[in-house]
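Here's a quick briefing to read alongside the coordinates. Have the viewer open and follow along.

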Amino acid sequence: MTDETVTEPLGPVTTLATPIRLDFEFTPGVAQSRFLRGLEQGKFMGQRCPKCGKVYVPSRGSCPTDGVPTTEDVELANVGTVTTYCVVNVPFAGQSIEIPYICAQVLLDGANLSFMGLIQEIPTDEIRMGMRVEAVWVEREELKPSLASVRYFRPSGEPDADYETFKEYL
Amino acid sequence: MSAGGGRTVRPVAVASFAQSQNVRRDDEHNEVEMLMPVVAEVFGNIGITKDDVDFICSGSTDYLIGGPFSFVTALDAVGVWPPRAESHVEMDGAWALYEAWVLLQEGEIDAALVYAFGRSSPGNLNEILSLQLDPYYLAPLWPDPVSLAALQARALIDAGKGSEADFAAIASRSRRDAMSNPKAQVAKDIPPATLLEEDYVVAPLRRHALPPITDGAAAIVLAAGDKAGLWSKSPVWITGLDHRMETHSLGARDLTSSPSTTRAAEVAGVADGPVDVAEIHAPFAHQEIIVKQALGLDDTVTVNPSGGPLAANPLMSAGLIRIGEAAASISSGRAKRAVAHATSGPCLQQNLVCVLEGE
């Protein structure tokens, strides 16, 4: 050390940063693997509860209402209904899509559970509950066992769904 | 009574117990799929359904699979409709059983499902478990649980309370006994002398003194009074239950003793009668010496006839399994009175003691 060494007191420690990162191997399980393999083939696969008949997509292997295994695989339509939505105008860290964009709950035809999807090819002020949408997939050779295989949903051009048909899923 | 541990006021029984096969890595099933057969079995054993229990309590930690709210989604394995009272502890399932037992003692409920799931394999346990330590002084150093256990084992040797040969004898006995437990993960008959030829993982602990990494799940149905007798031909009664903990600062503890276990054993009434079997949740071989002494058990007591956590250590489930195995030793006629112990945290941080008796 030289004479130039700072000798001023540094003051009390007020913050302490301890970076933490953990890595995990994800196990999707039997049911969710079917869903992911379906995405790899460009289709939505769900499962039906043998007791109440409801179709879950993706299924985690059980009916959350009845607690019984869902064993019957059901291929769902490529089209569905926007049950509710959000127009995202606020930038945040890690954002990969240009704002503003539409995030919506899409109830696929034949399903009893909606899931979140990106809506594109429509001005944000035209999105509405009940809008009919269809999935736009990545190119065939780019399909993967991941929701990234679905690029987004876009208006299908069909007339809006009647509120009565999706009010249960809000 | 107050919502604390102690002797039973209202008779409560372990009416049914089930556990999954314990394996090194279950890469086929998600948590719901792991739990569903266990829940179905624990109800099926006594011919009841989810509609027959008033309360559900689970023990698990999201840190193990890195999945937020995995404890909520796990409820899909039971199917909670119509809605009912439900709770969760970020602890081993033995503490979930404690919560249910307190509600049963207070007379708020008549029956409860307790379950636990532990998928220990998806992440690096040495890193994950170091995060349960005090976040200012210990966790930033990332001390892994094996090294901490080795410090404890070293202290035990230095205090003249145990030797490496003792650790090997415990591991050898546990895994030999596990050969009669079809759910065990590590079951083999290797003499202590052979085990002592292994290299150290962290001195003075060799591989045999460490628990296996285990994926597994378990469930118990607790029932009060008449309901227990109605459901089960051989209900096993919980006569005392208590849990205590040590200070969180490892440096402030005598790692060679377990005063929290001793206190829990006093409150639960371990010494009120002879103990035939003890299921001790000592993940590291040397910890069995500490817990056995803290419980006040002598060498007439059969310890871990199931093989214990050295034969299968599904995190968050292994403590609940000790209660289930202790109950099973009574219902099979092997024991009249048994003690189950569960632990959580580094170096026996938290300890739970449960006393069980047959009719």
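In this predicted model, A:Gln47 sits across from A:Tyr56 of β2(A).

- Strands β1(A) and β2(A) run antiparallel to each other and pair over 2 bridges.
- Zooming out, the sheet is open and has 3 strands in the order β2-β1-β3 (chain A), with antiparallel pairing.
- Each of β2 and β3 of chain A has a single partner strand and stands at an edge, so one side of each has no neighbour in the sheet.
- Helix α1(A) packs on this sheet, where it touches β1 and β3 of chain A. The direction of α1(A) makes about 155° with that of β1(A).

**Two domains in chain B**
- Chain B also comes as two domains, each written as two segments: domain 1 (6-122 + 213-236) and domain 2 (125-210 + 239-357).
- Their C-alpha centres lie 22 Å apart.
- The contact between them involves 37 residues of domain 1 of chain B and 33 residues of domain 2 of chain B.
- On the domain 1 side of chain B, β1 (6-19), α3 (93-105), β4 (111-119) and β7 (215-224) each bring at least two residues.
- That side of domain 1 of chain B divides into 19 nonpolar, 14 polar and 4 charged residues.

**Helices of chain B**
- Helix α3(B) also packs against α11 (residues 318-331) of chain B, at an angle of about 65° and with the axes 5 Å apart.
- Here B:Gly93, B:Ala94 and B:Leu97 of α3(B) meet B:Gly319, B:Leu320 and B:Ile323 of α11(B).
- The contact of α3(B) with α11(B) counts 4 nonpolar and 2 polar residues, and no charged ones.
- Now for α6 (residues 164-177) of chain B: this helix has 14 residues and spans 20 Å from first C-alpha to last, close to the 20 Å expected.
- Why call α6(B) largely enclosed by the rest of the structure? Because 10 of its 14 residues are buried.
- Charged residues among the buried ones of α6(B) include B:Glu164, B:Arg173, B:Arg175 and B:Asp177, and B:Phe167 and B:Ile170 are buried too.
- The cover over the buried residues of α6(B) includes α5 (145-158), α7 (192-195) and α10 (285-295) of chain B.

**Where the chains meet**
- How many residues of chain B are in contact with chain A? There are 24, and they touch 24 residues of chain A.
- Helices α1 (31-44) and α4 (125-130) of chain B each supply at least two residues of the chain B side.
- Of these, α1(B) gives the largest share, 3 residues.
- The side of chain B that touches chain A has 12 nonpolar, 6 polar and 6 charged residues.

Conventions: Residues numbered from 1 in each chain as written. Chains lettered and ligands numbered in written order. Predicted model: local features only at pLDDT ≥ 70, side-chain atom pairs only at ≥ 80, totals over all residues. Contact = placed C-beta atoms within 7 Å. Helix = DSSP H or I, 4+ residues; strand = E, 2+ residues; numbered from the N terminus. Domains from an automatic or database assignment. Expected span 1.5 Å × (residues − 1). Buried ≥ 20, exposed ≤ 12 C-beta atoms within 10 Å, placed from the backbone. Axes fitted to C-alpha atoms, helices over the stretch in contact; angles between N-to-C directions. Pairing = 2+ DSSP bridges.
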